[in-house]
Amino acid sequence: MKIHISDVMLDELREKIKPYLKHKRYNHTLAVEEEVTCLGGVYLPEDVNRLRAAALLHDITKKLDLSEHLQICKDFDIMVGDQPEREEKLFHSKTAPLIIKENFEGYYDDDILSAVRWHTTGRKGMTVFESLVYLADYIEKTRTFDDCVVLRKYFYDELDKGEYPPIEVLRKTMVMSFDMTISNLIEENGLIDLDTISARNSFVLNDCFTDIIKE
Ligand code: DGI
Ligand code: FE
Ligand code: FE
């Protein structure tokens with residue numbers, strides 16, 4: 001079921017998330033909200049407020065340290081790998097939906113929870129809703145990392161050119177984002193999560209956007 005999120009609820013949510021986020025992360029969160037409003041206007045105009053709620057909630061557990069994440073996983077019977085310290089950055093997207101369910105009654109539905117859950121690794125067969133939150137997180141305006149700036153420019157240039165339908169521009173941009181993330185992880189000798197690889201391959205194969213009918 002889709003929840004109705006009013007403008008007043010978004011105002012309330014912006015206040016309610018404040019204690020959960022450090023100052024810089026709060027500003028990033030507001031920038032993701034702004035970005036997803038823009039993306040939603042193009043791809044899912046009827047879902048803009050729900051996308052905004054997902055953006056506001058996406059990094060809600062980012063402040064927690066590894067031991068706190070592991071405790072939450074234990075409390076909720078979530079499986080953890082042998083070397084959690086090597087994938088520390090992935091935990092906030094696993095614990096966030098659990099905390100949202102506990103503390104943000106009335107502000108979430110299944111789309112919002114899954115967009116939060118998959119905002120870091122992505123997954124096979126992502127929906128447009130999930131993809132927009134993922135992309136907004138990557139290209140929001142306060143990001144200064146080269147890849148983020150390059151991806152932002154690529155996406156909006158392609159959209160402006162109009163050579164491909166907007167949904168194809170989104171798919172190509174998602175492939176590029178995963179290619180960049182995977183290259184960086186390889187360079188850092190990091191572990192690539194299998195969901196990251198499945199996400200990338202499913203966008204390459206056009207086995208994605210399962211929530212809309214493609215032409
Ligand atoms: O929380 P944010 O910084 O706003 O953004 P995010 O949740 O997308 O996290 C980005 C980080 O996650 C970035 O440092 C790369 C890392 N990451 C993404 N996919 C993988 C990954 N790290 C590992 N180890 N494996 C992955 O597959
Ligand atoms: Fe995140
Ligand atoms: Fe984020």
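1. Phenylalanine 209 is found in the segment after helix 10. The model is a predicted one. The phi angle of phenylalanine 209 is near 55°, a positive value in a residue other than glycine. Most residues other than glycine have a negative phi. Is phenylalanine 209 buried or exposed? Its relative accessible area is 1%, so phenylalanine 209 is buried; the cut-off for buried is under 20%.

2. Asparagine 206 also belongs to the segment after helix 10, a helix that spans 194–204. Its phi is near 60°, and this too is a positive value in a residue other than glycine. Asparagine 206 has 38% relative accessibility and therefore counts as partly exposed. That class covers values between the 20% limit for buried and the 50% limit for exposed.

3. Next comes the ligand. The space taken by ligand 1 is the largest pocket. There are 17 residues around ligand 1, and those that come nearest are Lys62, Thr120, Leu191, Asp193 and Thr196. When the shell around ligand 1 is sorted by class, four residues are nonpolar, six are polar and seven are charged. Which helices each supply at least two residues of this shell? Helix 2 (23–43) and helix 9 (166–187) do.

4. In the side chain of arginine 25, an N or O atom is 2.9 Å from an oxygen atom of ligand 1. A polar backbone atom of leucine 191 is 2.8 Å from a nitrogen atom of ligand 1. For aspartate 193, a polar backbone atom is 2.8 Å from an oxygen atom of the ligand. On its own, ligand 1 has 580 Å² of accessible area, and the protein covers 83% of it.

5. Glutamate 68 is part of helix 4, which runs over residues 66–75. A polar atom of the glutamate 68 side chain lies 2.8 Å from the backbone nitrogen of aspartate 65.

6. Alanine 54 sits in helix 3 (residues 48–57). With 0% relative accessibility, alanine 54 counts as buried.

7. Tyrosine 164 is located in the loop between helix 8 (146–161) and helix 9. Its relative accessibility is 32%, so tyrosine 164 counts as partly exposed. Tyrosine 164 and aspartate 7 are 157 residues apart in sequence, and from C-alpha to C-alpha they are 33 Å apart.

Technical notes: Residues numbered from 1 in each chain as written. Chains lettered and ligands numbered in written order. Predicted model: local features only at pLDDT ≥ 70, side-chain atom pairs only at ≥ 80, totals over all residues. Heavy atoms only, no water. Near = heavy atom within 4 Å. Polar contact = N/O pair within 3.5 Å; in protein donor to acceptor, adjacent residues only side chain to side chain. Areas by Shrake-Rupley, 256 points an atom, 1.4 Å probe, with all protein chains shown as cover. 1 Å grid on protein atoms, 1.4 Å probe; cavity = no way out; pocket = protein on both sides within 12 Å on 5 of 7 lines; lining within 4 Å. Sits in = over half its atoms within 2 Å of the grid points. Helix = DSSP H or I, 4+ residues; strand = E, 2+ residues; numbered from the N terminus. Nonpolar A, V, L, I, M, F, W, Y, C, P; charged D, E, K, R; others polar. Buried < 20%, exposed > 50% of the residue type's maximum accessible area, 1.4 Å probe, protein only.
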